[in-house]
Amino acid sequence: MRDIALLAAAVPGAEVKEGVLFVQARSVVTALEALKKLGGFMLFDISAVDRPSAAASPSNAPASAASTPPAAAASTTIPAQPAPACFELSYRLMDMKEDAKDFLTVRAILDHEAPAVPSVAGVWKSADVLEREVWDLMGIEFTGRGPFGRILLKDDFVGHPLRKDFISPKRERFPSPSWDRKAAEGGL
Amino acid sequence: MGDFITEADGLETQEFILNLGPQHPSTHGVYRARLVMDGEIVVSAENKIGYLHRGMEKIAEGITYAQFTPYTTRFDYVSGAMQPWAWCIALEKLGNTAVPERAEYLRVIVGEFQRIASHLVMLGSMVLDFGAITPWTYVFNAREEVLDLLEAVTGSRLLINYFVNGGVNADLPEGWIPKAEKALDSVLKRLDDFDRMVSGNEIFVGRTKGIAIVTGPEAIEYGITGASLRASGLKFDLRKDSPYSVYDRFDFEVQTLPTGDNFDRYMLRLLEIRECAKLLRQAMKTIPAGDIRAKVAKVWRPAAAEAYAAIEAARGIMGYQVVSDGSTKPYRVHMRSPSFCNIGIIPAKAPGLTLQDFISFIASLDFVLGDIDR
C-alpha cells in the first residue's frame, strides 16, 4: 500500500492514528473524492461499530430496565475508555495500484444521538448497497441520496438490531392456520 | 394478424412486472429480481434479497469466539471449508497466535480443493440454466471426487468445520496425498471433457459471448471482486497481491480475460481450476511435518482491540472485522461478503437484456444467497 502519511496529505483535514485515516463526518465525501482522484482505489467495505458510553452500556440487557441488577451486564464489559458514546463508521478501500496491495481504512466518528453522515454513493457506486446495509442493521442515516428501504430485514421490521440497546424480540410461533384448525377440532 | 387487434379495442403494448424468484431454480437460491419487462426485454431490474438473513453478526455477539467458528461455514455454503479462514486469521491477529507451518499448508490444500469444488458447481449450474443437463453430470461427478477427499480429511462434505483458531482440526489420513494426486488427474480429465463439450458449443457461445459486458473500471466502481473482476481484465488476486497464509511460496499465475462478458466469466473459472491444480500439486509435494494446531486457551480472552482480515475466497474478497472488548465474546463482528457486492451491478447491466440473457448473466456472476444475506 502507498504510504499512509502521503495519502493523508492528499485528504483535507485527515489525521492518521494507528494506521487508520480519521476524517470528520461532514467531510467524508470530500475525503473519498480526493482518494478516488489519486486513482487505484476500490471501496469494498463499509462497517459500523456501536460504542455507547461506558455507563450506558448494559450490552444485551434491556435499555429501559433500570432495576436490572448490574450483574446482568457484566458478561460483556466495554473497556473504560475515555471516549464518549459514538458510532465508528469505517470505509475500507483496496489499494490496487502498488505491487503489494493492501487496504486502507478511512474512519469517521459519528454522534451517538443522531448518527448521520453524507452519502458517498455518488462517489463510489459500490457504496449504494453497503450504505443500505449499514442503515438497515445499525441505523446510521446517509444524507443526500434518494430514499431507500430495508435491504436484509423485512420491510416492517422495527429498530436496528446491531445497536447495543436493541432488545431481541421473543421468537414467535410461525402462523399455521391448518395446524390451529386441527388443534381446535381435537384432531391432534 | 394485426387486423384483429385495433386501437379501437383499447389494447396497447404495456410493460409488466415479473417476479423472478425467490423460488426459482435459475436464481440459485432465494434471490428475487423484480423485473419490469417489455415483452421479453428487461427494462429495469431491482435486487430483492434478505430471504435467508439469519442475523449472524448479531448472533456472534452472544456466543464465544470458538462457538461462532462453525457458523461461518453457513455463509457461502458452496465453498464451506474456506469460509472460516478469514475469521480465523482475524482471531489469530487479535491473539497474536502463530499458526504452525503444517497447518498453513493444510489450510491451503483444503481451501484450494474447496475452490475447485465451488467453481465446478458454478460451471455445471451455469450450463444447466441453459438447459444443458449432460455437462452438469460431468462436473458434479468431478466435484464428488473432490468432496470425497475433503470428507476423508475433515469428516464432512459440505459444511466443513475444519479451520480453527490457531490451526486446523485434524491431520491428513495415511495415504491421502497419493490418492489426492490421482483424484486431481481425474478431475482435470473430466474438466477437459466438459470444456470440449461446452466451450465451443454454438448455442452456449451464442448466448454468452458479448452479453452483459462489464468493463474493468465499471467492475472497480461497483466493488466487484474475485473471478468476475479478473474476467474484466484486472489482474487482482489477494493470494498473489497481498499473500496471506503461505501463498507466497507457490508458483501460480493469476488468470485474466479481456472482455468481461458472460463467456469470460465462465471461462475464467475453468482456467482457475487448472491453476488451482498446479498450486495444489506444489503444496502437496512440499508440505512439512509438524504440529497442526497452536496452543490456544480453552477460555480465550483476546485483549481489547480490533482486527480485520481479508482472503480471496471462491467468490471474491471475504473480510472479517472483529472487535474485542477483552471478554470471551466478540464485541462486534462484521463480515464483508463478496456476493453481496457482486450483485450490486445487476440493476445497472440488466436493462436491454432479454430474459434468458438475464438468467445467464446472474449465473455467470456466481453468487450464493447464504453469502449475500448472512
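**Helix packing in chain B**

Angles under 35 degrees count as roughly parallel, over 145 as roughly antiparallel, 65 to 115 as roughly perpendicular and the rest as oblique. In this predicted model, helix α4 (residues 101-129) of chain B and α11(B) have axes that come within 9 Å and cross at roughly 160°, and α4(B) and α11(B) are therefore roughly antiparallel to each other. The axes are lines fitted to C-alpha atoms, for helices over the stretch in contact, and angles run from 0 to 180 degrees between N-to-C directions. Helices (H or I, at least four residues) and strands (E, at least two) are DSSP runs, numbered from the N terminus.

On the α4(B) side, the contact residues include B:Tyr105, B:Ile109, B:Phe113 and B:Met126; on the α11(B) side, they include B:Tyr266, B:Leu270, B:Cys276 and B:Met284. Contact requires C-beta atoms, placed from the backbone, within 7 Å. By class, the contact of α4(B) with α11(B) holds 16 nonpolar residues, one polar and four charged (nonpolar: Ala, Val, Leu, Ile, Met, Phe, Trp, Tyr, Cys and Pro; charged: Asp, Glu, Lys and Arg; polar: the others, Gly among them).

B:Gly290 lies in the loop that joins α11 (262-286) to β6 (306-313) in chain B. Because 10 other C-beta atoms lie within 10 Å, B:Gly290 is exposed (buried means 20 or more other C-beta atoms within 10 Å, exposed 12 or fewer, partly exposed in between, with C-beta atoms placed from the backbone).

B:Gly290 touches B:Pro100, B:Glu101 and B:Arg102, leaving aside residues up to four places away in sequence.

**A sheet in chain B**

Three strands of chain B make an open antiparallel sheet in the order β1-β2-β3. β1 (16-20) and β3 (41-48) of chain B are at the edges, each with a single partner strand, so one side of each has no neighbour in the sheet. From one strand to the next the twist averages 25°.

Strand β2 (residues 32-38) of chain B pairs with β3(B) in the antiparallel sense over seven bridges; pairing takes at least two DSSP bridges. B:Val36 has B:Ser44 in β3(B) as its bridge partner.

**Chain A**

Chain A has four helices and seven strands, running α-β-β-α-β-β-β-β-α-β-α from the N terminus. Of its 188 residues, 33% count as buried.

**Numbering and confidence**

Residues are numbered from 1 along each chain as its sequence is written, with chains lettered from A and ligands numbered from 1 in the order in which they are written. Local features need pLDDT of at least 70 and side-chain atom pairs count only at pLDDT 80 or more, while totals for chains, interfaces and linings use all residues.

Note on methods: Contact = placed C-beta atoms within 7 Å.
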